[in-house]
Amino acid sequence: MNLDVVSLGFLDKTLFITPPDPPVDKLAGQKPQAGRTMISKQRVALILLLEGLASSGVQMVTIRQTVAFVGSSVLCTSIIISCFLAALALGYYQGGKTAPEKFTRALLVNLIVAIGLFGIGLSYPFVSWYFLTVADITAGIPGLRNPLIHLLSFCVVIMGPLVFLLGQTVPLLLNTADQNTRKSEAAGSATALSTIGNVVGCLLTSLVLMYFLGVGYSIVINCAILAICAVLVMSPERSPLKSALLGVAAISLAITFVANVRIPGQLFAATTPYSDIHIAQDAEGKRLIINRSSASYIGRENREGWPYIEMMKQAIFSDDVTGKHILVLGAGGFTLSAEMTGGARFTYLDIDPKLKSVVEENFLEEKIQGDFVAQDARAYLLTSKRQWDVIVVDLYTNAATIPMHTATFEFFSLVSERLLPDGKAILNIAANPRLTDQYSLTMDNTVRRAFSRCVTDITGYRDGLENLVYLCGKPSSKDPVAGLYRDDTTRVTVDGYLSALNGTTEQD
């Protein structure tokens, strides 16, 4: 069947045209003929829909697979979307320049190569190798060691070519339009079908495939969709080159399954739409690793956690918390209450609904001590007016990245509003304890502006990121105004004595 000149068939169920002496196309098994060829509109429409579905899946998978290396922020998302759109525009342009008699071959080769790029280039083993290699190469080069630069290079080298190939599908299939159909009508109809596929693909990949099957199977299914598109492009006639391309597609799908399902299945306890979760064990305890970040630790015997967790526990249990209600934003390994609850009622909140079951089965090996809510932290605080005795904030998407919407003055003010009048907030902030960089200095000021009477405990004082634990109160109009102690008064001595009368120190 001749596929070089066929009908897009948007108006008629089946349209016929007589091509002017078409050349031989070995891929489609075509031969010059004086008769007519035909194709139903359903076949071309299905290719456009499926290609659009897989194309949008590329965006979703790229965002998800790079979270462990660059975090999830509007900056990362903007780089990915910008590169996606740029590659798509170049694909449209290149597809429009392809000679009509070569569109079948070009489309088929594009789809076969795209399967390999999608299935292998976006697999966790390859993504991990790429980012770690680039990080090693650029480690000593100022400017280039920025993770956002690494993300940009990944988009240009891997995601960009993939989208460039898929972007050619719409203009290439416009070669099938009936000569009596207006170009604007054909282009509008083809673009509409592809865009509908984009919409379905975004929802299907993120809300269904990743949630129920995991990231690996999502990639495998999207690659299988591209393989179906390739089969739809081909004619039933056999040819050596067509068989070879089908063999390449089959091998690519097999490698895709191993790289995205088998290998991650051995590396991780679970892969969810939000995280890759791994449990590492040593002689003294276990580490819960989420997106390459050591999110939590628990000892085998004493059930103690990381040093900053022990600081938080000391801040919580320094008072009698019997009957108190404690909200933990960022569940981690649920270790704050693993050793003891002190009679308090803990409520853990995390955006990943599968985290609780994974931790109970593989990390704690017991039920968590408290309740669990699967929701975004800021969304929960906005919709729930409940006030708490203690709110713990420990939110990260990878080793050093706090979600942008949970690291602002407005968010911390919202946390403060949800505290009871005598409540306290305990925050874990990864920053430089010397406050020598703009981020650490501004973050410290942001926290202290949102709360009242903040004190800080640190896990180290090196010139780099450390866990800074802030213990803060809720601002009140009754808060005393701080003054200054000066040489010409004895206030510092008097106030010191009065403060000592309110309690004893450990030395006493």
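The paragraphs below take those topics in turn.

This is a predicted model, in which local features need pLDDT of at least 70, side-chain atom pairs count only at pLDDT 80 or more, and totals for chains, interfaces and linings use all residues. Residues are numbered from 1 along each chain as its sequence is written, and side-chain values use heavy atoms, with hydrogens and water left out.

Start with confidence. pLDDT is the predictor's confidence in each residue, from 0 to 100. Its mean over the chain is 85, and 88% of the residues reach 70 or more. Residues 1-39 are one of them, and the model has 101 contacts for them beyond four places in sequence (contact means heavy atoms within 4.5 Å). Where pLDDT is low, the predicted coordinates should not be read in detail.

Now the helices, which are DSSP runs of H or I with at least four residues, numbered from the N terminus. H13 (residues 409-417) packs against H14 (residues 438-450) at about 35 degrees, with the axes 9 Å apart. Axes are lines fitted to C-alpha atoms over the stretch in contact, and angles run from 0 to 180 degrees between N-to-C directions. H13 contributes Phe409, Phe412, Ser413 and Ser416 to the contact, and H14 contributes Met443, Thr446, Val447, Arg449 and Ala450.

Finally, the loop. Met340 sits between strand E7 (325-329) and strand E8 (345-350); strands are DSSP runs of E with at least two residues. Met340 is partly exposed, at 41% relative accessible area (buried is under 20%, exposed over 50%, partly exposed in between, with a 1.4 Å probe and protein chains only). Gln369 is 29 residues from Met340 in sequence and 8.3 Å away in space, C-alpha to C-alpha.
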